Amino acid sequence: MMKKCVGVQEIYDARALRIIVDDMGGKREAAAIAACYRLLPAVHRLWRPVWGETDDYIANPKVDIVTLASYNLYLLAVILFEYKDKC
């Protein structure tokens, strides 16, 4: 927090929910991708998304700079509870 000069209310990754969808070695890639996108409305019903804290690496695969392997994921920050500053 001090290194990035942000307060507690700006820490979005203290906890994480990861939903891993097996694409069966690429045999069911389309079904796995569809499953990921189908889960988004359920997440939105449970928690409020944080504006600007979404990265879609399914549509735009991310490349690991060390291994040069690409991987797909969807990152979405949500508000689990409202933070009230005591100051």
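This is a predicted model: local features need pLDDT of at least 70, side-chain atom pairs count only at pLDDT 80 or more; totals for chains, interfaces and linings use all residues.

Visitor: Which residues of α1 are called buried, and what is the cut-off?
Guide: Ala32, Ala35, Leu40 and Val43 are buried in α1. The term requires under 20% relative accessible area. What covers these buried residues includes strand β4, residues 74-79. Across the chain of 87 residues, 9% count as buried.

Visitor: Why is Cys36 called partly exposed?
Guide: Cys36 lies in helix α1. Its relative accessible area is 23%. Buried means under 20% and exposed means over 50%, with partly exposed in between, so Cys36 is partly exposed.

Visitor: What does Cys36 touch beyond its neighbours in sequence?
Guide: Leaving aside residues up to four places away in sequence, Cys36 touches Val21 and Ile58. Contact here means heavy atoms within 4.5 Å. Cys36 and Ile20 are 16 residues apart in sequence, and their C-alpha atoms are 8.6 Å apart.

Visitor: Why is Asp23 given the label partly exposed?
Guide: Asp23 belongs to the segment before α1. Its relative accessible area is 26%, which lies between the limits of 20% and 50%, and therefore Asp23 is partly exposed. Not counting residues up to four places away in sequence, Asp23 touches Arg28, Glu29 and Ala32. Asp23 and Ile33 are ten residues apart in sequence and 8.3 Å apart in space, C-alpha to C-alpha.

Visitor: What makes Leu17, Ile19 and Leu39 a nonpolar patch?
Guide: Patch residues need over 30% relative accessible area and no salt bridge, and nonpolar side chains are joined within 5 Å. Ile19, found in the segment before α1, has 45% relative accessibility and so passes the 30% limit. This value also makes Ile19 partly exposed. Leu17, Ile19 and Leu39 together have about 270 Å² of accessible area.

Visitor: How much accessible surface does the chain have, and what share belongs to carbon and sulfur atoms?
Guide: The accessible surface comes to about 7,700 Å², and 58% of this belongs to carbon and sulfur atoms.

Notes
Residues are numbered from 1 along each chain as its sequence is written. Side-chain values use heavy atoms; hydrogens and water are left out. Buried means under 20% relative accessible area, exposed over 50%, partly exposed in between (1.4 Å probe, protein chains only). Accessible areas come from the Shrake-Rupley method with a 1.4 Å probe; for residues, only the protein chains shown count as cover. Helices (H or I, at least four residues) and strands (E, at least two) are DSSP runs, numbered from the N terminus. Patches are made of residues with over 30% relative accessible area and no salt bridge: like charges are joined within 9 Å, nonpolar side chains (Val, Leu, Ile, Met, Phe, Trp, Tyr) within 5 Å. A salt bridge is a side-chain nitrogen of Lys or Arg within 4 Å of a carboxyl oxygen of Asp or Glu.
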